[in-house]
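Dear colleague,

I am passing on the structure we spoke about, and below it you will find my notes on what turned up when I went through it. Please read them with the model open beside you.

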Amino acid sequence: MNYLQVSLQVLLFLIFAIGGGVRLFQPMEKLANRMLWVKYFSPRIVRSIALLELVCGIGIILPFFFPEVTIDFALYAGCLLMLTMLGAAVTHIIIGDYKQIFGNLFILGIIYWVTFPVGI
């Protein structure tokens with residue numbers, strides 16, 4: 001397996017699993033102070049997005065622990081994360097938080113590269 005792809009999978013795990021876990025248990029007021037988009041969604045939606053990120057972040061690295069399983073966890077987790085990041089970029093466009101869009105698109109590119117690797 002390519003070392004760059006493995007490194008990026010671990011990086012995505014750290015970004016989404018740990019970040020989603022923190023957002024899942026942090027008070028909504030603290031989240032709203034740090035992230036503009038939280039003010040536009042109900043707490044249930046914010047917690048659902050955090051849970052999705054947590055589960056998909058774990059799904060990105062599951063192939064390391066279960067290599068013999070025929071289900072491609074990284075593919076499904078990557079596709080869900082790509083949709084999440086695309087939705088995040090659209091949300092930032094709608095609310096006018098333009099500085100966050102480039103980060104969303106950069107992470108979207110990393111997820112795409114990990115999910116659908118091209119031989120180097």
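Which residues have the most contacts inside the largest nonpolar core? In this predicted model, that core has 15 residues, and those with the most contacts inside it are Leu-12, Phe-16, Ile-60, Leu-81, Met-85, Ile-107 and Ile-111. Helices H1, H3, H4 and H5 each supply at least two residues of this core, with the largest share, five residues, coming from H5. Leaving aside residues up to four places away in sequence, Ile-107 touches Leu-12, Phe-16 and Met-85. Apart from this core lies another, of eight residues, which includes Ala-32, Met-35, Trp-37 and Val-38.

At its N-terminal end, H1 is capped by Asn-2, a side-chain oxygen of which lies 3.1 Å from the backbone nitrogen of Leu-4. Among the buried residues of H1 are Leu-8, Leu-12, Phe-16 and Leu-24, but also Gln-5, Gln-9 and Arg-23, and the buried residues of this helix pack against H2 (28-34), H3 (43-65), H4 (73-95) and H5 (101-115).

As for charged pairs, the count comes to one salt bridge. Arg-23 forms it with Glu-53, the closest N and O atoms being 2.1 Å apart. The pair links distant parts of the chain, with Arg-23 in H1 and Glu-53 in H3, 30 residues apart, and both residues are buried.

With best wishes

Notes: Residues numbered from 1 in each chain as written. Predicted model: local features only at pLDDT ≥ 70, side-chain atom pairs only at ≥ 80, totals over all residues. Heavy atoms only, no water. Buried < 20%, exposed > 50% of the residue type's maximum accessible area, 1.4 Å probe, protein only. Helix = DSSP H or I, 4+ residues; strand = E, 2+ residues; numbered from the N terminus. Contact = heavy atoms within 4.5 Å. Polar contact = N/O pair within 3.5 Å; in protein donor to acceptor, adjacent residues only side chain to side chain. Salt bridge = Lys/Arg side-chain N within 4 Å of Asp/Glu carboxyl O. Core = buried A, V, L, I, M, F, W, Y, C linked by side-chain atoms within 4.5 Å.
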